[in-house]
Amino acid sequence: MILETSWEVCNKMGGIYTVLSSRARVMMERHAGEVVFVGPLLAAEGEPYPLDFEPCVPEQLLPWVERGQRDFPLRTVVGRWRIPGEPAVVLVDFSPLWQERDALYFEMWSQYGLQGDKGYGDYDECCLFAVAAARTMGSIEAFTHRDGDRSILIFNEWQTAMGLLYNRIYAPQLASMFITHATTVGRSIAGNGKELYEYMPHYNGDQMAAELNVEAKHAVEKRAAHEASVFATVSKLTARECSQLIERTPIVLPNGFEADFVPQGRAFGAARKRARKRLAEVARALTGREIEEDALFVSLGGRYEYRNKGIDLFVESIARLRERHREGRSVVAFLLVPAWVAEPRADLAYLLKHPKELTHEPMQHPTLTHWLHNLESDATQSHLRHLGLDRARADEAVHFVFVPCYLDGHDGIMNMSYYDLLIGMDMTVYPSYYEPWGYTPLESIAFGVPTITTGFAGFGLWAEEELEGDSAFERERLPVCLIRRTDHNRDEAIEAIVSQLERLVSGELPETAKMRRLAQDLASRAAWKHFYRYYEDAYRSITDHF
């Protein structure tokens, strides 16, 4: 059995959901009937289950359901995860463990020296889920184990680290893998404006955790990394970080992707047309300018980490492009990241429903599709005001639109999912400072949209290695334009982004069909069918060890 747990199983929050949900199909193909995911049961009794959960009893869980589940002390539901491959899944309610929290933390202190009292924010909730998941995995393994078999338990990120440690105490015979997708300290150093890369050889993880007030998360992550049968991460970039800050060198398991949901043939053209129509409608209503059919749409999407994700450089680049490109073909830059959103703008929603009432004057706050709780202090809005990008004039050729909500298709303005909008872009920009892997640029090229990223992204380094010696890539820098970032070359990086955008505006780049073909060809090389062998090698190393 392969039993894997994450806070994001049937709980779509970020990149780890993409990792697991895209990997599941190839896991089911290679290990049919042997894969079970364990996630948090966040719905109270009587409340609906997550939309991607289907209650049923998968065959491999039948022995546990018949003999083990009824006596298991925590509420669990059994079913399938409604993703490609439809793997078996168990969701567990960890809320009863709040009564055990102090006893669990005392045990972790006495066994591993962990100081749970230094945790804050989501630390308690994640650790209690981790223990609940570990108990669930252990119970399932006990009732489904067959003589001669060796089960493997996989724990993702610091959020599940305490579960691995719990099983090391109570089920030491179970092999375990701990995967960190980004280190707590590394992300904190970068997010706090410190220089991560130049000083990496001189950082001490424990010391920096104390300085940045992330001691509890770092400690549980580090101990799990050292206790796991196999410690892994997602890129060579993060492996270096782990070696320095966690003091154990991991194996590298690169993240693959499945492009099954990318429309093909005529459906692709129709989906792109729908996306561009909606993007143009919103931009037209906000700015008061007619958006031509051949307008260029560029975007940055993902998590709202202003420096880490390179949002600051994206905003600066669009401001510089506006200074240079004052007439001609329209360019609209979309920032698609969830912020502290309050509600969709009623005035914008009204104009979108009544296009005959549109004027040629920009709306108040012409860069914003949804109201924010912190409108005056939001990082993007403050930056736009500083650069003058918050003022739209109908005669401007370059415009900026911030869509600060989670794009699930029901946001009240765009009313399309992130992928449904991504397909309408002409280029994406991800000038990340801290990006252990980087699904967003990979998703972009899967949809045939060329992308700009950096050598500080694991995906960027992989793409550079993959395309080394490719004459088309070296000549055109497509479908991935890898810009150089260091701790000190901010202006140089911005200029590199602007230069590539200017090539797009001027028509220097290859025609759209060729760019799309190059992009999708590269994306196909990052399919899980190519990358899953690294996991299989790790499984073999675990079973050989035991």
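The second largest pocket holds about 290 Å³ of space. This is a predicted model, in which local features need pLDDT of at least 70, side-chain atom pairs count only at pLDDT 80 or more, and totals for chains, interfaces and linings use all residues. Residues are numbered from 1 along each chain as its sequence is written, and side-chain values use heavy atoms, without hydrogens or water.

A pocket here is an open set of points on a 1 Å grid over the protein atoms alone, where a 1.4 Å probe fits, with protein on both sides within 12 Å along at least five of seven lines. Its volume is the space filled by probe spheres set on the points, which are joined across faces, edges and corners.

Fifteen residues line the second largest pocket; a lining residue has an atom within 4 Å of a point. Lys236, Val252, Pro254, Trp462 and Glu465 lie nearest the centre. Helices α9 (236-245), α16 (458-467) and α20 (528-545) each give two or more residues to this lining. The most come from α16, with five. By class, nine lining residues are nonpolar, two polar and four charged. Nonpolar means Ala, Val, Leu, Ile, Met, Phe, Trp, Tyr, Cys and Pro; charged means Asp, Glu, Lys and Arg; the others, Gly among them, are polar.

Now the sheet. Nine strands form an open, mixed sheet in the order β3-β4-β5-β2-β1-β6-β7-β8-β9. Its edge strands, β3 (53-55) and β9 (251-252), each pair on one side only. Pairing takes at least two DSSP bridges; helices (H or I, at least four residues) and strands (E, at least two) are DSSP runs, numbered from the N terminus. Strands β6 (152-156) and β7 (175-180) run parallel, joined by five bridges. Ile152 stands opposite Ala175 in β7.
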